[in-house]
Amino acid sequence: MQASYDNIIIGSGAGGAAAAWRLAQSGQSVLMLERGSALPTDGSTLDVDKVLRKRCFNGREDWQDMDGRNFSPNEFFNVGGKTKWYGAALLRFSANEFEADSKHQCLPWPIQYADLAPYYDQAEQLLDIKTFALEPQLERISHKITRTNSEWKSQALPLGLSDNIQQHPYEARHFDGFASVAGLKSDAQNCFIQALDGKSDFNCITAKQVVTLIAGKSTGQVQGVECADGTQYFGRRVFLAAGALHSPRILHNYYHTHGLPAGVVGRYYKCHLNTVLLAFSPARKTDLLRKTLLLLNTRYPHSSIQTLGWMDGEILATQLPAWLPDWLSNFLGSRAYGFWLSSEDGSDARNCIRLADRQQSRPGLDYRLERLPQTVTEHRQLIRAFRRRLLRSGMLSSVRTMPLAATAHACGTLITGHDEQHSVVDPAGRVWGFDNLYVVDGSVLPRSGKFNPALTIYAWALRTADLALKQA
């Protein structure tokens, strides 16, 4: 007889892990189903060639863009999801980023900042978020950018990193874009899933891709999930946490099978407008940690700039033509500082996940920046203004805007809202029309904010799990 659980969670990233932790604290049984497996601990996740050039750990799934061309989103199917790989920057959305901003095409949340604030507090404590002092060269760069222009503001970047990471130089050079082997990064696995190891009422099964939901005996109920290999699991509640690209596909499959209208499932996709900027100076850069600075400009209220981690010739060479000589990559890499420029993209229902059907075998992503002119204008102005400041500081720069496949900050597609005509999820995290189906990943975000969304996903998941327990 198939075992039944109190809670089934689909996905082990930020939202899935935080929800699992909260539910398990109540003594209820939790089954987590992860599409991938645990990452190896042999050091390969720190290997530049394997991670950046060969992309050995990236998901290999074929999608189509808005013009019918094939591409593979930069997704990761492993325990801990994207949190294992990205740079540990964990910031709160501001209070105004929970409100509508019609000029920037931003939808409102159905809750206020105050509703999420205690869960931000809890997430920051569990993730052990801290700031680090600026290293000497970065401090000089920051001073030159901000000293003669009051519009530019700098502050320490909140990070989920171990206090002693700088005592492990190789790990310190490979935490941004790499998965820590020594557990020095506050990711979903290290901070939430490992805390549940050994608990008899928690079970994480890997290599299980959930494809649809199993209908319950009454309307508004699901009783479990079905995986690609045909296995089924049953539970009192189901939590979608597969991410903004994959959770809507699971829900859509259920709606399609049962002849139900999909509403706005898959719509309002957002991912930030992101640009990587490399600034080069005549002097060699020796700062180790680097990713410790946040820059803001009052002229660009929907944008932020963060420093990136370590840069050297080996890392830079993965982004340059293969025919360039090593000496040139090493020369440039040793003099480069990296910056990540983000601008909040507004909401447009036409920016969406196109779901596979009989006519279209591959899922698609229809995302066009021309639908978001305010976003594009602000981002371009931000780039120009920042490059001018760097030039006055004695640094030349080059930029590369992230392509469609860059889904690090993917959100939207199952947004939360005030009513079921314009959203998929209610203010408590439940899918409209269901009593026991919840969403705890970035797909619920009606706004992407100007910062990385990870901390907000953790906080939302803790709140949703808490409310689900109270509704039991």
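Q: Leaving aside neighbours within four places in sequence, which residues is Leu251 in contact with?
A: This is a predicted model. Leu251 is among the members of the largest nonpolar core that touch the most other members. Beyond four places in sequence, the contacts of Leu251 are Leu213, Leu240, Val265, Leu414, Val424, Val431 and Leu437.

Q: Which element gives the largest share of the largest nonpolar core?
A: The core holds 73 residues, and Tyr458 is one of those that touch the most other members. Tyr458 also belongs to the H11 side of the contact with H1. Ten residues of the core, its largest share, come from H11.

Q: How many residues are in the second, separate core?
A: Ile145, Tyr300, Ile305 and Tyr337 are included in this second core. The count for this core is 19 residues.

Q: At what angle do H1 and H11 pack?
A: Two packed helices are described by the angle and the distance between their axes. Helix H1 covers residues 14–25 and helix H11 residues 454–471, with axes 8 Å apart. H1 passes H11 in a right-handed crossing. The angle is about 35°.

Q: How many residues of the contact of H1 with H11 are nonpolar?
A: On H1 the contact includes Ala18 and Trp21, and on H11 Ile457 and Leu462. One residue of the contact is polar and two are charged. The nonpolar residues number twelve.

Q: What is the radius of gyration of the protein?
A: The protein has eleven helices and 17 strands. For 472 residues the globule rule gives 23 Å, and the value for the protein is close to this, so it is as compact as a globular protein of that length. The radius of gyration is 22 Å.

Terms used:
Residues numbered from 1 in each chain as written. Predicted model: local features only at pLDDT ≥ 70, side-chain atom pairs only at ≥ 80, totals over all residues. Heavy atoms only, no water. Axes fitted to C-alpha atoms, helices over the stretch in contact; angles between N-to-C directions. Helix = DSSP H or I, 4+ residues; strand = E, 2+ residues; numbered from the N terminus. Left-handed = near helix turned anticlockwise from the far one by under 90°. Contact = heavy atoms within 4.5 Å. Nonpolar A, V, L, I, M, F, W, Y, C, P; charged D, E, K, R; others polar. Core = buried A, V, L, I, M, F, W, Y, C linked by side-chain atoms within 4.5 Å. Buried < 20%, exposed > 50% of the residue type's maximum accessible area, 1.4 Å probe, protein only. Rg over C-alpha atoms; globule rule 2.2 N^0.38 Å.
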